[in-house]
Amino acid sequence: MSGSRRFVYVLYAITILFILSVCWLFLSNIGYTDTQSILELFSRPWFWKSVRLSLLTSSVTTIIAIVVGIPASYALSRFNIPGKTIIDILFASVIVLPASTIGLCLMVAFQYEPILKIQQALGIRIVHSMPSIIIAQLVLALAFGIKAWRAAFDDVNPRYEHVARSLGSSRMRTFWKVTLPSAKVGILAGIVLAWTRAMAEFGAVLLFSSTFRNRHETQFSHIANFLGIDRADILPVGMWMEIEGGNIEQGIAIGFVLVIITLLSVYALNKISGKGSQANKV
Amino acid sequence: MIRVKNLRISLSSFVMRNINLEINTGEYFILIGPTGCGKTVLIETLVGIRKPDSGEIWINNQNVTSQFPEERNVGYLPQDFALFPHMTVEENIAFGLKARRKEKKYIQSVISNLAESLGISNLLLRYTQGLSGGEKQRVALAGALATEPEVVFLDEPLSSVDENNREILCNELKEIHSRFKTTFIHVSHSFEEVSEMADRIAVINNGTVEQVDTVENIMYHPVSKFVAQFTRTKNIFEGTTNGNEILVNENIRLTTKYKTTGTVLITIRQEVIKILEESKESKESKEGYDNVFKGKIIKLAKRNNIVSIVIDIGIPITIYTMDYELVERIKSKSIVYIRIPIESIHVINV
């Protein structure tokens, strides 16, 4: 057997082993739950509140991430911003740090005396409040989003912008009409990535926002009541609470819901960036 | 008119300095130089993409040095033309007009006139990805010309085109230039590629302008060894002179029309040296022709339509000829005579 052939077989073997491991990971969990548990979970009002809360916070987080992250990514890609390397390191750190550490940092930051005084003056308290979920999700969604969006802008040849500007187009018009459409695929991939990351966030939310299901109903605002998200936790926190309470089957059932949502997101991500990956096939 | 005064541009460790140019309205002006000499940096500064450290850029009596590209009324075609891939050909051409908030009716009439003039009417609804090099060039030019710019900058527009199509595109560019009468400033690294297109050329080397002149003057009267080499002058020698005679390699005496003293550099274009046939040689020598030398053919090669002959007369002299019959007659001879016309010897003081 030639060296090249042996190398290809080894690659195939490793890939098959990896696929089998992933399948085993999910399938082995099926034994710990059943249709009854899933149906029971679906019949619980708090579950649907959790779904609503997760979808709502992830979507709001993603919208804020888009508004803040896309312009920031463009600036990082195109301008020589002082301290660019430090900014890069900081964002990379957010990605690799344990999410619970981010939650802890956020908790300390929002308890910092001057910030606390501002909160008191405004009559609000961020730590352990429902809006804090969005802040915790936003830090990670932004870190992931900016990484993807910056790469997307880096991929756009600046010559397109130079030509557009030489034709009389302002910098802003050039951004909207040339750069953004050219980076469309990467931008959409970044949005899906940011949303998925926000949806899956657990550690930072648990530390910074805590749990809500067991709080008294008077602790929730009218808006939370109106939106039907009072006394609910985001799905990853809900899953953890079920397992902590000894309801393993229900916890795993929530886990499956999260897996399905994540798989759909990753499928969408692959579909979006499919054009790019096609070009790399040999 | 475009005027560049004492421009200095720095780019990390690379610096362009003392750039002074005057380009006439309607001129086909070429910036030429080897890779890395600063041509693209200069053109990007003229377009407004880069800011110079100092100096001024004037376009039609207006100082545009501090203006953004969108304020300069220029056209810019980069190396790959950078046509917007998410737009059709029509949208690409209309882009500049829309940026200037022109009326729809006006935009339509400009597009149809330009498309017809440049022979791209059949491409208007197509996206730009599948277009050929020539089609891309015409679409990019249509987009740039639509806004009636004072000047169109072309940064190596022929670099990504194969050799067969290069000549066609060169001719097309020249023809479009003469039809629209807009000032064209074209960057290239190849003298052969653009020598037939240019009204004038600026030769750039290592961040400075070495010479600005007509093609003929640059070829026959280079100001430096670099310009001579860059314009493919094959016969470049060092010599010493006293009066109008130059001694090369201690044994070759060349008579020139220049009177100077000291060490000089001489350049002789390979296409002006004549090979003399025996019968003529004795006659021409007797009649008092200077610079007639006897030599031995040491190399003979045909490239494209030109025959390159290297003759050793004590120094190796390269001659280009298209007279194939003459080549046939002399190639079997061991000794030939050549005449170097006095007016073809260009002297550079070193």
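The model is predicted, and every value below is computed from it. Chain B and chain A bury about 1800 Å² between them, and 2 salt bridges are found across their interface. The largest nonpolar core has 52 residues, and another core, which lies apart from it, has 48 residues.

**The interface of chain B and chain A**

- The contact draws 26 residues from chain B and 18 residues from chain A, and carbon and sulfur atoms give 62% of the area buried between the two chains.
- Within the area that chain B buries against chain A, 30% is supplied by Glu70(B), His86(B) and Phe95(B), which is more than any other three residues supply.
- The rule finds 2 salt bridges across the interface, and the side chains of Arg159(A) and Asp80(B) meet in a salt bridge with a distance of 3.3 Å from N to O.
- Polar contacts between chain B and chain A, counted where both residues are at pLDDT 80 or more, come to 4 residue pairs.
- On the side of chain B that touches chain A, at least two residues each come from strand E6 (74–77), helix H2 (89–99) and helix H4 (133–146) of chain B, and H2(B) gives the most, with 4 residues.
- Sorted by class, that side of chain B is made up of 16 nonpolar, 6 polar and 4 charged residues.

- In soluble globular proteins, nonpolar side chains tend to be buried together.
- Within the largest core, of 52 residues, those with the most contacts inside it are Leu21(B), Leu31(B), Leu42(B) and Phe153(B), while the largest share of this core, 6 residues, comes from helix H7 (residues 131–155) of chain A.
- When neighbours within four places in sequence are left aside, Leu42(B) is in contact with Leu7(B), Ile9(B), Met16(B), Ile19(B), Leu21(B), Leu31(B) and Ile204(B).
- The other core, of 48 residues, includes Ile111(B), Ala146(B), Ile218(B) and Phe230(B) among its members.

- Ser50(A) is found in helix H3 (residues 45–78) of chain A, and it counts as buried because its relative accessibility is 1%, where the cut-off for buried is under 20%.
- A polar atom of the side chain of Ser50(A) lies 2.6 Å from the backbone oxygen of Asp233(A).
- Apart from its neighbours within four places in sequence, Ser50(A) is in contact with Ala232(A), Asp233(A), Ile234(A) and Leu235(A).

Conventions: Residues numbered from 1 in each chain as written. Chains lettered and ligands numbered in written order. Predicted model: local features only at pLDDT ≥ 70, side-chain atom pairs only at ≥ 80, totals over all residues. Heavy atoms only, no water. Contact = heavy atoms within 4.5 Å. Buried area = accessible area lost by both parts, 1.4 Å probe. Salt bridge = Lys/Arg side-chain N within 4 Å of Asp/Glu carboxyl O. Polar contact = N/O pair within 3.5 Å; in protein donor to acceptor, adjacent residues only side chain to side chain. Nonpolar A, V, L, I, M, F, W, Y, C, P; charged D, E, K, R; others polar. Core = buried A, V, L, I, M, F, W, Y, C linked by side-chain atoms within 4.5 Å. Buried < 20%, exposed > 50% of the residue type's maximum accessible area, 1.4 Å probe, protein only.
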